[in-house]
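Please look through the sequence and the model shown here, and then follow the paragraphs below.

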Amino acid sequence: MIATRFIVTRCLSALLICTALPLLAAPQNDSARALHLLGYIGADYPRTVSAGQVIDEPEYLEQQEFMVVLQGLLASLPAKPGRARLEQELHQLDEAIRQRQDGAAVARQARQIAAELVDLYQVQQAPAISPDPARGAPLFAENCSVCHGASGAGDGPAAVGMLPAPSNLRDQARLDQLSLYDIYNTIGLGVDGTEMAGFTDQLDELQRWDLASYIASLSAPPVNEGETFSLALLAGKTPAEIASSQDQAAAARFRAQRAHPPQPKRSAGQYVEHTRKMLAASLDAYRAGEATKAYELSVAAYLEGFELVESGLNNIDAEQRKATERALMAYRKALQDGVTVEQAAQALASADQQLQRSAELLSQGGMSASLSFISSLLILLREGVEAILVLAAILAFLNKTGQQHATRSVHVGWGLALLAGVLTWAVAAWLLDIGGAQREVLEGSTAIFASAMLLWVGVWMHGRRQADAWQGYLQQSMLGSSGRFSFAMLAFIAVYRELFEVILFYETLWLQAGPGGQNWVLLGALTALVLLLGLAWIILRGAARLPLGTFFSVNAVLMCALAVVYAGHGVKALQEAGVLSLQPLHFIELGWLGVHPDGYSLSAQALVLLLIALFYGRDWWQSRQRAELTGK
């Protein structure tokens, strides 16, 4: 929710805030708060004083209180040669407010001071990635509409009796006095003394920019194509400033473009730069003693930045992708271990160096035809082999044991997985703001579940490897509904787990290949599909020639092996989401087999292997006991 005013109820409270801020806030946070207040003076003061007369006495007192806070914030910033000039200009602004000077002049003075503050302290006002109001719309509905109303008019159900009332976000005259950065800043910092809380913990930086752009769109009617403004200008300037320096037509174009920023280009470079910015913020938080916030920022830096381009980097240089990922995880581990600030800074410097190398590789332009083909081929093979092994093994089992009637359940299972995977991707892309953490948790949890199911199926098949055991089972049940459901569920999980990630990888590859390489991407995918179908045919064909006992043993080993692989994949995905901690080891990395150099991932796989050994060992012991009793 964005409220109209920043209310400080008592001057004494303001003075206490000013005294405490130098101790509690980092310089960057102080400069952001100062810009926040200057922006609101520029937006609200013109409505408070007109022709030397105070129109709204409480609002006028607020402006004076703002100045007390601003002076304290400026005093807390690092000493620089230009700070004395800023302090003098701030004093002049304070005098102008006390003398009840013209609102428009005071607003211009406040914006000028803000511009000088940005320049002096190098405040980054532009987002690393172009905001997308389409992604901001569901965020507004979830977090803001209860107070501001579904249309943003300030008439939400919680607004009744609220003082001050939620602002009307469709008020173009007022929104013209605020920059996109001002709106973004308010979403993060909130408004003290009102019901408007800051959303830094609930929304990450990308989401706050998306939401700010959506709010700007509420008062911005579309206009015809014209001059394109830079992202930095769209974020840092106001429509009123554009109207003053150019004309109303330019202001209309500016207003429309900041509401709907050009979207070339959530490019690979932007995502890497976003990761670097968030990591720098993470170190700032760690330096300020906020270890938990620092760790959360380090997780978000990976999930909402680098992870979205790592498949593209993997297509170009797989070793560089691994090196960058290891460096990012090493920095995250350093924060977890509570190292000194200097050690954390060293770990961050290593990660930043790897990110720069990755950005250079990603900036080299479109991929060659051969690389587009090979990358497409490997993506589908890498992600599809495990799923096709599971499906082929299940179908071979049903055919081999005369349970062809149950194959329909398996086909329904993987068919629903295809549909669910596409729907999940569509929902994540267009309807809901599903972030990287949710993606990784989804992938990790399904992998762990699939591992448990594969282990159960493998042990179950091993227990029926003898013909007499299988015949006894058939006499009891011809694979009833529960058995068919289990196989259908396993087919669903095996395909669904891979499909969502495959779509995301191909989305990246499609853009990276460019128009000249996209046909080769399609050809690579088609070739991989043929190879996967060939693998399934080989398994089905070979299974038909195997004796029943051997077939059961081979299938059981395959299922158990895949359970080990999925366990490693699942733990790694949960670690990337920040759900599980890290324990890096000097060990080999075999990504296809789910083997990662991490203590927890390897421990999960060791646990699955131990369970397999216990089940198989128990079965071997029971077989030996039966042999001794029967004399065979």
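**Aromatic rings around a helix**

Phe140 is buried, and Tyr214 is buried as well, where buried means under 20% relative accessible area with a 1.4 Å probe, protein chains only. The model is a predicted one, in which local features need pLDDT of at least 70 and side-chain atom pairs count only at pLDDT 80 or more, while totals for chains, interfaces and linings use all residues. Residues are numbered from 1 along each chain as its sequence is written, and side-chain values use heavy atoms, with hydrogens and water left out.

The structure holds 8 aromatic pairs, a pair being rings of Phe, Tyr or Trp (its six-membered ring) with centres within 6.5 Å, called stacked if the planes are under 30 degrees apart, edge-to-face if over 60 and tilted otherwise. The ring centres of Phe140 and Tyr214 lie 5.3 Å apart with the planes at 55 degrees, so this pair is tilted. Phe140 belongs to helix α6 (residues 133–143) and Tyr214 to helix α10, 74 residues apart, so that the pair links distant parts of the chain; helices here are DSSP runs of H or I with at least four residues, and strands are runs of E with at least two, numbered from the N terminus.

Tyr181 and Trp209 form another tilted pair, because their ring centres are 6.3 Å apart and their planes at 40 degrees. Since Tyr181 lies in helix α9 (residues 180–189) and Trp209 in helix α10, the pair ties together parts 28 residues apart in sequence. Tyr181 counts as buried at 4% relative accessibility, and Trp209 does so at 2%.

Helix α10 itself (residues 205–217) is mostly covered, with 13 of its 13 residues buried.

Conventions:
Buried means under 20% relative accessible area, exposed over 50%, partly exposed in between (1.4 Å probe, protein chains only).
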